[in-house]
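I opened my notebook before looking at anything. Each entry below records one thing I looked up.

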Amino acid sequence: GNYNQPLYVMERDQIDASFAYRINEHATWFVEGQNLNDENTRLYARHSEMLFLSQDHGPIYRLGFRYRF
């Protein structure tokens, strides 16, 4: 079979944001958010009528602490 079919990704407007607070020269708290506007991801094979993959995983959030030795 011919597996060299083109895939196209639908244009999307994803909003990401991050904030970090540096405690000292070694330690930092951070919060991050990806896809805050909950955009879907859609891939098409060959042309726009052939939906290949649709993902709606919603926003992703991270809260963390970094320490450098």
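Predicted model: local features only at pLDDT ≥ 70, side-chain atom pairs only at ≥ 80, totals over all residues.

**Entry 1: strand E4**

I began with strand E4, residues 41-45. Is this strand enclosed or open? I found 4 of its 5 residues buried, so E4 is largely enclosed by the rest of the structure.

Next I looked up its partners. Strand E1, residues 7-9, is joined to E4 by 3 bridges, and the two run antiparallel. E4 is also joined to E5, by 4 bridges, and that pairing is antiparallel too.

Which residue does tyrosine 8 pair with in E4? I noted tyrosine 44 as its bridge partner. Tyrosine 44 also stands opposite leucine 51 in E5. I wrote that residue down as a link to both strands.

I then checked the turn. E4 and E5 make a hairpin, with 5 residues between them. Arginine 46 sits in that turn and has a positive phi of about 70 degrees.

**Entry 2: glutamine 55**

I stayed with E5, residues 51-55, and looked up glutamine 55 in it. Its relative accessibility is 36%, so I logged glutamine 55 as partly exposed. The cut-offs I used are under 20% for buried and over 50% for exposed.

What does glutamine 55 touch, leaving aside neighbours within four places in sequence? I listed Asn40 and Thr41.

I also took one distance. Glutamine 55 and phenylalanine 69 are 14 residues apart along the chain, and their C-alpha atoms are separated by 39 Å.

**Entry 3: threonine 28**

I moved to strand E3, residues 27-34, which holds threonine 28. Is threonine 28 buried or exposed? Its relative accessible area is 18%, so I marked threonine 28 as buried.

I looked up its contacts, not counting residues up to four places away in sequence. Threonine 28 touches Ala20, Tyr21, Arg22 and Ile23, and also Gly64, Phe65 and Arg66.

**Entry 4: aromatic pairs**

How many aromatic pairs does a search of the whole structure find? I got 2.

One joins tryptophan 29 and phenylalanine 65, with ring centres 4.9 Å apart and planes at 55 degrees, so I called the pair tilted. Tryptophan 29 is in strand E3 and phenylalanine 65 is in strand E6, residues 60-67, so the pair ties together parts 36 residues apart in sequence. Tryptophan 29 is partly exposed at 46% relative accessibility. Phenylalanine 65 is partly exposed as well, at 42%.

The other joins tyrosine 67 and phenylalanine 69. Their ring centres are 5.2 Å apart and their planes are at 70 degrees, so this pair is edge-to-face. Tyrosine 67 is partly exposed, with a relative accessible area of 43%. Phenylalanine 69 is exposed, at 91%.

The charged end of arginine 66 sits over the ring of phenylalanine 30, 3.8 Å from the ring centre.

**Entry 5: asparagine 35**

My last stop was the loop between E3 and E4, where I found asparagine 35. I logged asparagine 35 as buried, because its relative accessibility is 2%.

Where does its side chain reach? I traced the side chain of asparagine 35 to the backbone nitrogen of glutamate 39, at 2.8 Å.

I then listed its contacts, leaving aside neighbours within four places in sequence. Asparagine 35 is in contact with Arg12, Gln14, Ile15 and Asp16, and also with His57, Gly58 and Pro59.

Technical notes: Residues numbered from 1 in each chain as written. Heavy atoms only, no water. Buried < 20%, exposed > 50% of the residue type's maximum accessible area, 1.4 Å probe, protein only. Contact = heavy atoms within 4.5 Å. Pairing = 2+ DSSP bridges. Phe/Tyr/Trp six-rings, centres within 6.5 Å; stacked < 30°, edge-to-face > 60°. Lys NZ or Arg CZ within 6 Å of the ring centre and 35° of its normal. Polar contact = N/O pair within 3.5 Å; in protein donor to acceptor, adjacent residues only side chain to side chain.
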